[in-house]
Amino acid sequence: MAASVLGLAGAAAIVVPSLSAGASTAELVVDYACTDGIAQSGSGTVHLRTKVTIPTVVNVGDPLNVGWELNYRDVTRFGAPARLPEGGKIEVTGNIQLTGAWEGVLKPKGSVDQPEAMVKGSPLNLPEGISDFAHIDRAGTLKVTPRKLFVDFRPPASEVMVNDDDPAILYSDGWQDLNDQNSQNNDHHLDLHRTTSAGKWAQFTFTGTGVEYVAQKDQRAGPVDILIDGQPGSPPRIDPSKNDDGTTVNDANKGGQTLWRFRGLPYGEHKVEIRSVEDGKWTQLDAFRVITRELVNPPKEYRAECNLVSTPVSVNVTISDPATGQPSPGGSNSGDPSSTSNPSGEPSSNPSGEPSGPVTSPGGSTPTPTPSKSPGGSPSPTPSQSKLTSVVVIGSPTPTITTTITLPASTPTSPQVKVTPKGGAQTGEAPETSRASAAVLIGSGGAMVFGGVFSGVVLLRRRAAHANDRSRTV
């Protein structure tokens, strides 16, 4: 048996309960609009179409499993926030509000690794689905309402070489772009930039937790000033023509050398700048190496918040007691059945989601089973009607639409009229005899005998009269 609620005024949510005698679920197709974070680095606003699957009948002791399928609704996509190697991860956290027999929030979660290296704005893949469950320990009725989604991006721990001719590196005038260098020099990609004028600069904006400056060690090189985020680095000046002890190097064109490094930056966007100091001395740039350490939590600046495009839709879940097959008259409120006690509907370390106060719904009461009559007039048991799904649309400016589907079970859980037979062919006990019925039978038999005697007397008298008549005639 299946039913759907379609054409909700101004709403994009579609309710499609998939129901059968063996299992009952409701599928809510809910649309979202996502902004900020990796939505901003992608299409700006990203549209999602999701399907939430919620069981509508659960027994006490069984888990309440909620699944959430995720898909892009159109061509909009989340975008990579920076140049990154493969291995970045999308993490999605949902919020399912529970009211009624329980008060709390489920937080379905899921993630997926990105299989390819990325530049800023590269489209990101979504996980196929997210899920969570709650343990049920009492009967009652539970209202389940999907709320916000949060989409985070976790960059991979990595080291990325950015060559000197990368467009992300900006140069002042006075620099030479030297290509096809001798392979023995060990320059990255066999090329580099060089200037012999003082006051020339090169700038590079990167995203990570550290950066290294790579160039040649050479007797002809001069001092280089280095700034990080506009402040002098540590150290603020290096000299590629000197050893660590201050003596002059014996090297010429010794490329691929890490001349300066800075670690321990907070993850995010930073800018490194090198400046030439002396005229006639070489200042060279071969590459920058960008460092990203492994992060405990996804960066907050990458978080996208997804809000419902449609009005909220709720599903009533009937929690039955296996002993009776019926929900209790009403469940008392308790804490959150999920692992969190946070009632705000948001992940614990993130901005607030939807408020988690009780969600009221017009109607939606559960009818009790009633016996039906058989053609013979005697009552007969009907299948249990405890499996009832009530899909309630709330928050709409139009009149509320409620669809109720009653599912008869495959076998009755208990008869409506209890009949206990007494005696019979297979019991070995004779049926009881009614005294009133015996008296009636004896009276009827006596009446029949009396009637037969009276009829015989009348017949004999008629025969005698007929014989007298014949004798007179003769």
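Two strands are said to pair if DSSP finds at least two bridges between them, and the strands themselves are DSSP runs of E with at least two residues, numbered from the N terminus. In this sense strand β16 (residues 210-217) and β22 are joined by five bridges and run antiparallel. The model is predicted, so local features need pLDDT of at least 70 and side-chain atom pairs count only at pLDDT 80 or more, while totals for chains, interfaces and linings use all residues. Residues are numbered from 1 along each chain as its sequence is written, and side-chain values use heavy atoms, with hydrogens and water left out.

**The four-stranded sheet**

- Strands β11, β22, β16 and β19 form an open sheet in the order β11-β22-β16-β19, and the pairing is antiparallel.
- The edges are taken by β11 (158-163) and β19 (254-262), each of which has a single partner strand, so one side of each is left without a neighbour in the sheet.
- From one strand to the next the twist averages 25°, where the axes are lines fitted to C-alpha atoms and angles run from 0 to 180 degrees between N-to-C directions.
- Six bridges hold β11 and strand β22 (residues 287-292) together in the antiparallel sense.
- Along this pairing, M161 stands opposite R289 in β22, and V160 has V290 in β22 as its bridge partner.
- E212 also stands opposite R289 in β22.
- Six of the six residues of β22 are buried, so this strand is largely enclosed by the rest of the structure; buried means under 20% relative accessible area, exposed means over 50%, and partly exposed lies in between, with a 1.4 Å probe and protein chains only.
- From β22, the residues A287, R289 and I291 point one way, whereas F288, V290 and T292 point the other way, and all are buried.

**The five-stranded sheet**

- Another open sheet has five strands in the order β12-β15-β20-β17-β18, with antiparallel pairing.
- At its edges stand β12 and β18 (231-238), each with a single partner strand, so one side of each is left without a neighbour in the sheet.
- On average, neighbouring strands of this sheet are turned by 20° against each other, direction ignored.
- Strand β15 (residues 201-208) is mostly covered, as six of its eight residues are buried.
- On one pairing, strand β12 (residues 169-171) and β15 are antiparallel over three bridges, and the bridge partner of I169 in β15 is F204.
- On another pairing, β15 and strand β20 (residues 268-276) are antiparallel over eight bridges; in β20, Q203 has E273 as its bridge partner, and F206 has H270.

**Aromatic rings and a charge over a ring**

- A search of the whole structure finds nine aromatic pairs, counting rings of Phe, Tyr and Trp (its six-membered ring) whose centres lie within 6.5 Å, with planes under 30 degrees apart called stacked, over 60 edge-to-face and the rest tilted.
- F204 and F206 form a stacked pair, with 6.0 Å from centre to centre and 25° between the planes.
- F204 counts as buried because its relative accessibility is 3%, and F206 counts as buried because its relative accessibility is 3%.
- Y267 and Y302 form an edge-to-face pair, with 5.8 Å from centre to centre and 90° between the planes.
- Y267 lies in the loop between β19 and β20 and Y302 in the loop between β22 and β23 (304-308), so the pair ties together parts that are 35 residues apart in sequence.
- Both Y267 and Y302 are buried.
- Ring pairs also link F204, F206, Y213 and F288 into a cluster.
- The charged end of R194 sits over the ring of W282, 3.6 Å from its centre; this description requires NZ of Lys or CZ of Arg within 6 Å of the ring centre and within 35 degrees of the ring normal.

**Nonpolar cores**

- The largest nonpolar core has 48 residues, and those with the most contacts inside it are I38, L48, F78 and L149; such a core is a set of buried Ala, Val, Leu, Ile, Met, Phe, Trp, Tyr and Cys residues joined through side-chain atoms within 4.5 Å.
- Among the elements that give two or more residues to this core are β2 (24-35), β10 (140-154) and β24 (313-320).
- A second, separate core of 21 residues includes A202, A215, I228 and L259.
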